[in-house]
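Here is a quick tour of a model, written for someone who likes to know the cut-offs behind the words. Have the viewer open and follow along.

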Amino acid sequence: AAVRAPWLRIGGGEGLRMRKLLHGICDLVVARPRTILAAGVVLVGGATLAARSVVVDTYSIEFFREGSPIRTDSEAIEASYGWYLPLEFGVVAPSPGGALEPDLLEAVGSWQASVESRGLAHWSLSLRDFASAPKAMGTLDPVDARLVDESRSIVRVTFGVPMSSAREWSQRIDGIRQAADGILPEEIELTTGGYLPLYVRMMEYIVETQVRSFATALALVFVVMALFLRSARTVLLALFPNLVPIALL
């Protein structure tokens with residue numbers, strides 16, 4: 001292999017220094033195993049405690065540099081117009097045609113007013129806004145306008161929210177849901193749709209799969225070492241160094 005792939009060889013002074021370093025580390029581990037183990041425990045423990053303060057979040061607009069047209073345009077729109085991102089909710093009635101019931105539309109309007117008064121949204125729009133103004137409604141078909149679904153059992157409500165991070169969007173969605181308590185009928189179901197809830201779920205999915213992949217890799221390493229070493233004590237000692245990079249990461 002060294003002849004066919006000479007780039008894999010570490011030769012000269014650099015190779016000698018590397019061998020000396022590795023031998024020195026091995027000698028230190030053999031001479032002071034308890035000290036090395038204690039240092040590893042402290043390292044993993046400290047990293048684990050520090051990891052509890054890590055906040056997982058992402059803010060897509062911060063990927064652009066200061067002064068980027070995308071950032072400046074977004075800030076200019078919010079400064080002159082207000083919050084412009086649409087957060088979509090669906091108010092699901094228990095039966096077809098229930099979305100057009102006057103009592104439900106009145107409750108939806110009260111919910112919109114509550115959300116805006118709490119500062120959770122800058123504006124909102126639903127069929128209720130048109131139904132309260134017959135002239136504005138005119139000949140508008142709520143299905144064609146996508147204010148309700150084809151079965152007329154779901155009222156679409158759009159809230160204008162600010163550009164923010166995924167965690168802040170998640171908290172805002174929860175706050176808008178809580179604002180519906182005691183206003184919308186109990187048999188009503190609230191659903192979310194559009195880009196923002198998808199963005200929040202993407203962040204949660206990335207975190208969950210990363211944790212799951214670390215746990216799976218650790219389990220596989222444990223199984224392989226158990227088959228190779230055939231000693232529970234040795235396996236546990238050999239498994240500990242594999243916890244160090246995971247905890248640090």
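## The second largest pocket

Helices α2 and α9 each supply at least two residues of the lining of the second largest pocket, and α9 gives the most, with 4 residues. Helices here are DSSP runs of H or I with at least four residues, strands are E runs of at least two, and both are numbered from the N terminus. This is a predicted model, where local features need pLDDT of at least 70, side-chain atom pairs count only at pLDDT 80 or more, and totals for chains, interfaces and linings use all residues. Residues are numbered from 1 along each chain as its sequence is written, and side-chain values use heavy atoms, with hydrogens and water left out.

The pocket holds about 200 Å³ of space. Its lining is made up of V29, P33, I36, L37, L237, F240, P241 and V244. By class that comes to 8 nonpolar, no polar and no charged residues. For the classes, Ala, Val, Leu, Ile, Met, Phe, Trp, Tyr, Cys and Pro count as nonpolar, Asp, Glu, Lys and Arg as charged, and the others, Gly among them, as polar.

What counts as a pocket? On a 1 Å grid over the protein atoms alone, a pocket is an open set of points where a 1.4 Å probe fits, with protein on both sides within 12 Å along at least five of seven lines; lining residues have an atom within 4 Å of a point. Grid points are joined across faces, edges and corners, and the volume is the space filled by probe spheres set on the points.

## The largest pocket

Now for the largest pocket, with about 640 Å³ of space. It is lined by 19 residues, and V54, Q210, V211, F214 and L249 lie nearest its centre. The lining has 16 nonpolar, 3 polar and no charged residues.

Which helices each supply at least two residues of this lining? They are α2 (33-51), α8 (195-229) and α9 (232-248). Helix α8 gives the most, with 8 residues.

## Aromatic pairs

The structure holds 6 aromatic pairs. Rings of Phe, Tyr and Trp (its six-membered ring) pair if their centres lie within 6.5 Å; planes under 30 degrees apart count as stacked, over 60 as edge-to-face and the rest as tilted. One of the pairs is W111 with F159, edge-to-face at 5.1 Å centre to centre and 80° between the planes. W111 sits in helix α4 (residues 102-117) and F159 in strand β3 (residues 154-161), so this pair ties together parts that are 48 residues apart in sequence. Both W111 and F159 are buried, where buried means under 20% relative accessible area, exposed over 50%, and partly exposed in between (1.4 Å probe, protein chains only).

W169 and Y199 also make an edge-to-face pair, because their ring centres are 5.4 Å apart and their planes are at 75°. W169 belongs to helix α7 (residues 166-179) and Y199 to helix α8, so the pair ties together parts 30 residues apart in sequence. W169 is buried at 2% relative accessible area, and Y199 counts as buried too, at 10%.

Ring pairs also link F89, W111 and F159 into a cluster. Elsewhere, the charged end of R172 sits over the ring of W83, 5.0 Å from its centre; the test is NZ of Lys or CZ of Arg within 6 Å of the ring centre and within 35 degrees of the ring normal.

## The nonpolar core

The largest nonpolar core has 36 residues, and those with the most contacts inside it are F89, V91, W111, F159 and L184. Elements giving two or more residues to this core are β1 (85-92), α4, β3, α7 and α8, with α4 giving the most, 6 residues. A core here is a set of buried Ala, Val, Leu, Ile, Met, Phe, Trp, Tyr and Cys residues joined through side-chain atoms within 4.5 Å.

## Two arginines in a loop

R146 has a positive phi of about 60° although it is not a glycine. It is in the loop between α6 (134-137) and β3, and is exposed, with 61% relative accessible area.

R152, in the loop between α6 and β3, has a positive phi of about 55° and is not a glycine either. At 30% relative accessibility, R152 counts as partly exposed.
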